[in-house]
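Dear colleague,

I am handing over the structure below, which you have not worked with before. Please look through it first, and then read the notes that come after it.

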Amino acid sequence: MNKQINEYTNKQKHDIHERIYKFVIRVLNLIKYVSKTPENIVLIGQIARLAISMGANDQEADGTITRKDFISKAHDKFNKAIELKPNYVVAYLQQALALRAEGKTTELTIALQNAEKYSASEAPFSFQIGFMYYQDKNWLKAQDNFRRALILVPKYANALYFSGL
């Protein structure tokens, strides 16, 4: 049964690529017959680019990696960014998001602590760190970061809102 399902799935996958290819060829052949008036020249170019783009996007999508591989590669890039610039708050925040997606809570906490250490003078970063703590139900750390954002920018709307929750 699994063999039949795999064969069917592979046939469908091949079928969609084949149909897209045939569609692109038909569109490119069709635009050969459109009259070349000044008004149509722009449209012909746009339609040709659209069809070619559709084919290219299909081929690119076929080579995609799994979510797990993507997160792992992103995590490696964030580590490299931090290695090059140890006080790069954005890299720590993005790293924390990748670690959350991987379910690595201990490393997530370390990344957030590093982000806190380097974001003392930036209200948006303080808020974002507070929001991540909020999502992890670490209310005290969330409130501390929301307060820090409000000290830096007293009318920071999001920090005011989440401080009131």
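Predicted model: local features only at pLDDT ≥ 70, side-chain atom pairs only at ≥ 80, totals over all residues.

Residues are numbered from 1 along each chain as its sequence is written, and side-chain values use heavy atoms, with hydrogens and water left out.

The secondary structure comes to eight helices and zero strands, where helices (H or I, at least four residues) and strands (E, at least two) are DSSP runs numbered from the N terminus. Of the 165 residues of the protein, 29% count as buried, a word that stands for under 20% relative accessible area, with exposed meaning over 50% and partly exposed in between (1.4 Å probe, protein chains only). Among contacts (heavy atoms within 4.5 Å) with a separation of 6 or more, 45% are between residues 24 or more positions apart.

Helix α3, which covers residues 67-84, has 18 residues and reaches 26 Å from its first C-alpha to its last, close to the 26 Å expected at 1.5 Å a residue (that is, 1.5 Å times one less than the number of residues). Its buried residues are Ile71, Ala74, His75, Phe78 and Ile82, and seen down the axis of α3 they fall within an arc of 105°, so they line one face of the helix; the arc is that of the directions from the helix axis to the C-beta atoms. On the other side of α3, Lys77, Glu83 and Leu84 are exposed, whereas the cover over its buried residues includes α4 (89-102).

Leaving aside neighbours within four places in sequence, Phe127 touches residues including Phe146, Tyr156 and Phe162.

Finally, Ser119 sits in the loop between α5 and α6, and it counts as buried because its relative accessibility is 0%. A polar atom of the Ser119 side chain lies 3.0 Å from the backbone oxygen of Ala115.

Notes. Polar contact = N/O pair within 3.5 Å; in protein donor to acceptor, adjacent residues only side chain to side chain.
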